[in-house]
Amino acid sequence: MKGQKRKLVGIGLTTILAVTMLAGCGGNNNKNEGAAPSGAPALANEEVTLKILFPGDPPKDLDAVSTAVDTKMKADGLNFKLNFTFVPWDTYWNKQSLIVAGGEDFDLTWSHIANLPQSVAKNVLLPLDEYLDSDGQQLKENTPDYVWKGAKIGGKIYAIPRVVPVAQNNDTFQIRGDLRKKYNLPEIKTLEDFDKYLEAVKANEPTMIPLGINTTGLGREYLPSYYANGDLFNSFFYIDVTQQPLTFKNLYESEAFANLVNKAHEWYNKGYTPKDPIAAKEDFGNGKTAAIASNLFRPTETIDGLVASVPGAEIEFVQFQSDKPKYIFNSVDNLLAVFSTSKHPKEAVRFVNWVHSNKENYNLFSLGVEGINYKLDGNSASYDGIANDKQYLPISWAWTDMRYAKFSKNITPAQLDVIKNWDNGAIKTNLIGFSVDSEPMKNEIAKVTAIVKEYQVPLYSGLVEYSSVKEKLLKRLKDAGINKVLNEYQKQLDAYLSAQK
């Protein structure tokens, strides 16, 4: 349920949560066998090993859980075996490219919408349309069309998306609800409410940092209708979807951006954010920070760790301007994809179907063996009494299914209702399914991105006043070719919108 882990925003963190990949795999896996692009089809009754690449560290008790999954698959007629490879986050995307360049026969991999266009352009991933037709019929039937649209490049489906609430779900903060109640503060709905919360923490909790290093949760306050590449922290452009025609503009030239980072600077001067944001870590999970920028799902990931560190702690998430429309700019985030060099694309898609075909399969792959790796506590998963080395915690945010997901008992029913109903009434924009081809201006993008990275933390943490760096930043971006990039993006968007008509 995380996004790209090492970003300083909660997207990814924030990120993230559920894949509605509804599946019905049935019968003998000898049916529908076919040749993959880089290999011969599996022989009848031959065991197929699916090689899976994921980021991060292997979960605990992986071998034992994998054996249990293999056994259950064989009982269900799928003669598959899973073989996992985990690589560090900072080398993950490069590893995908090296696998394809070397012709290695990996099968499944995690991807993300932010990287999907680039991965397709590099021929890292395989189009899945024919395999979904033959082995993922229920996936197609149970995933809304607008969600599939978000996973398409050039009219072809390149990944299996998870179906989660996506309407500006990154523009939030998460706070310590127990501290809010301790200081008799009202439920936080406005920026003014949030200011009072930070002030109370600063005045009464001398060992705590009131707010983490990142302030992207302010996006909803200052940029409520701005599409900013799905990730405000890393974007250098925006589109205001309330204005027609839809137009790419320089984010750093906007008044809204200036207002956001000026607020961050105000908080820094008041001592609400770390004195050294470059070296600071987000310590919300261990009780040392009272609020952090977040996404809608991050509290479900951090609550158990926080409660273990601070018994009685509560998490609340906050989104400003909740009375204003929410927009869906893109319908997907985390994805499961198949390598272009896979020898078993049919089996890979069929495996995903199997995981999501019922709660037993899903729980086994996502939580491990009940009673050994976790316990059921009503509708929640509990690790009370489970040995630490048996707490199997995979990257299940990459495939979580809202129908079967077991959330912590520390997440209240009211919070779960908010999550499940988040997209109700959200406006689907014409940007859904649009992606840019970066090849025509890859050199300029590299230069612009390098400059942006220099300013991300200082600006979003409030370390510097924007007026002191704005003129120099805008000149550097212009010299690097940002206008050429925006013009190319605009040309591609205009073509996409014209084709939709």
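View 1. Residues are numbered from 1 along each chain as its sequence is written, and side-chain values use heavy atoms, with hydrogens and water left out. Over residues 1-43, pLDDT stays under 50. The model still has 181 contacts beyond four places in sequence for that stretch, a contact being heavy atoms within 4.5 Å. Where pLDDT is low, the predicted coordinates should not be read in detail.

View 2. Helices here are DSSP runs of H or I with at least four residues, strands are runs of E with at least two, and both are numbered from the N terminus. How far apart are the end C-alpha atoms of helix α8? They are 20 Å apart, which agrees with the 20 Å that its 14 residues (191-204) should span at 1.5 Å a residue; the expected span is 1.5 Å times one less than the number of residues. The buried residues of α8 are L191, D193, F194, D195, Y197, L198, A200 and V201. Buried means under 20% relative accessible area, exposed means over 50%, and partly exposed is in between (1.4 Å probe, protein chains only). What do these buried residues pack against? Their partners are β7 (172-176), α7 (177-182), α9 (219-222), α10 (255-269) and β11 (291-294).

**View 3. Two nonpolar cores.** A nonpolar core is a set of buried Ala, Val, Leu, Ile, Met, Phe, Trp, Tyr and Cys residues joined through side-chain atoms within 4.5 Å. The largest one has 85 residues, and F54, L82, L116, F351 and W399 touch the most other members. Helix α12 (residues 345-355) gives the most to this core, six residues in total. Zoom in on F54 and, leaving aside residues up to four places away in sequence, you'll find it touching F84, T85, F86, V87, Y92, T109, W110, L336, I395 and W399. Apart from this core lies another, with 67 residues, including V261, A291, L473 and L474.

View 4. The whole structure holds 25 salt bridges, each one a side-chain nitrogen of Lys or Arg within 4 Å of a carboxyl oxygen of Asp or Glu. D76 pairs with K72, their closest N and O atoms being 2.8 Å apart. D133 and K140 meet at 2.5 Å, N to O; D133 is partly exposed at 43% relative accessible area, and K140 is partly exposed too, at 34%. K409 and D384 also form a salt bridge, at 3.1 Å from N to O. That pair links distant parts of the chain, 25 residues apart, with K409 and D384 each in the loop between β16 (380-382) and α14 (413-420). D195, K263, E266 and K270 are linked in a network of salt bridges.

**View 5. E282 in its loop.** E282 sits in the loop between α10 and β11. Is E282 buried or partly exposed? With 25% relative accessibility, E282 counts as partly exposed. The C-alpha atoms of E282 and Y327 are 28 Å apart, and the two residues are 45 residues apart along the chain.

How values were computed: Predicted model: local features only at pLDDT ≥ 70, side-chain atom pairs only at ≥ 80, totals over all residues. pLDDT = per-residue confidence, 0-100.
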